[in-house]
Amino acid sequence: MKQRKTWTTALTLVLALTCLSFKCGGGGNTNNPPDGKRKYAKAADDIAGAISSMIDAVKKLQQQGRITADEEKKLLQLLNTSNDANNALINNIKSTTTVDASNKSELLSLLSQVTSAVSDLNNSGVLKIGNADARQRLSKFISTINAALAILNQLNT
Amino acid sequence: MSSAGPVVETRVNITELTSEVNMDWITIIESLLPLVSQNIPGAAEDEALAEIAIALIKRIKSQSNMTTDQIIDRAGLTTAENKIKIAEEMARLNAGGGSGSGTGGGSGSGTGGNP
């Protein structure tokens, strides 16, 4: 089970770094525009990176016979939806100079679409996988995305 | 030669040391992966997955050396690359790269380009 330890350690590091990357960003207050925007940019980049990694992982797992082709297709469709939702959020962050009351509702609307897509990815994709080991591994990527979403959800406060 | 040699004063910056240790963690895991795969049956499969996780760690760490605009640009580029990767993998599966019946119908939404 040493390889499982290695895998768990690596993904735990991903989660820890995701959390730390936001802490290091400072700010956290939407009244501090540069830091606020940077924090959301980092979170959106983390989500994009985690989706990219998950696409690679899904491909490997199918090639290794740990998930079926049908399971992979379903996961890819759901990943595509999450990726589109995140792309819309990124475009909005890009065109935003300051996060304030004027654009907060639009950002929140886009954020809810990402959250919904990722929830669907987890419930209809990852949790439906027959192989428990593959399911557990892919759940770690969902955890990374959820850590980033938790930061973006600070917009709600 | 006196018995008491020159006194060397060593100052350790804890912050630097901690960050070096964190950096080494990733390097150590990365360098150990091939050894693990050689010595533990079935570990090669896990090495491939662990490498994916390490790439994600490096990506997240690299944000600290980037400006906000660079981070946003990279995020946009990655989502565009993700679309291509998904389309390619779907095509591979539909061409017989996997078993079972497909549930076709990819989404065809395009994303606007950058000005």
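How many helices and strands does the secondary structure of chain A come to? In this predicted model, chain A comprises 5 helices and 0 strands, and its elements run α-α-α-α-α from the N terminus on. Chain A has 157 residues, of which 52% count as buried. Among contacts between residues at least 6 apart in sequence, 72% join residues at least 24 apart.

Helix α3 of chain A covers residues 69–95.

Two helix pairs were examined in terms of packing. Two packed helices are described by the angle between their axes and the distance between the axes. For α3(A) and helix α4 of chain A (residues 101–125), the angle is about 165 degrees and the axes are 9 Å apart. Because angles over 145 degrees count as roughly antiparallel, α3(A) and α4(A) are roughly antiparallel to each other. The crossing in which α3(A) passes α4(A) is left-handed. On the α3(A) side, the residues making the contact include A:Leu75, A:Leu78, A:Leu79, A:Ala85 and A:Leu89, together with A:Lys74 and A:Asn92. The α4(A) side contributes, among others, A:Leu107, A:Leu110, A:Leu111, A:Val114, A:Val118 and A:Leu121, as well as A:Glu106 and A:Asp120. By class, this contact of α3(A) with α4(A) has 13 nonpolar, 7 polar and 3 charged residues.

Helix α4(A) also packs with helix α5 of chain A (residues 132–152), at an angle of about 160 degrees and with the axes 11 Å apart. This angle makes α4(A) roughly antiparallel to α5(A). Here, too, the crossing is left-handed, with α4(A) passing α5(A). In α4(A), the residues A:Leu111, A:Val114, A:Thr115, A:Val118, A:Leu121 and A:Asn122 meet A:Ile142, A:Ile145, A:Leu149 and A:Leu152 of α5(A). The contact of α4(A) with α5(A) has 8 nonpolar and 2 polar residues, and no charged residues.

Note on methods: Residues numbered from 1 in each chain as written. Chains lettered and ligands numbered in written order. Predicted model: local features only at pLDDT ≥ 70, side-chain atom pairs only at ≥ 80, totals over all residues. Axes fitted to C-alpha atoms, helices over the stretch in contact; angles between N-to-C directions. Helix = DSSP H or I, 4+ residues; strand = E, 2+ residues; numbered from the N terminus. Parallel < 35°, antiparallel > 145°, perpendicular 65-115°, else oblique. Left-handed = near helix turned anticlockwise from the far one by under 90°. Contact = placed C-beta atoms within 7 Å. Nonpolar A, V, L, I, M, F, W, Y, C, P; charged D, E, K, R; others polar. Buried ≥ 20, exposed ≤ 12 C-beta atoms within 10 Å, placed from the backbone.
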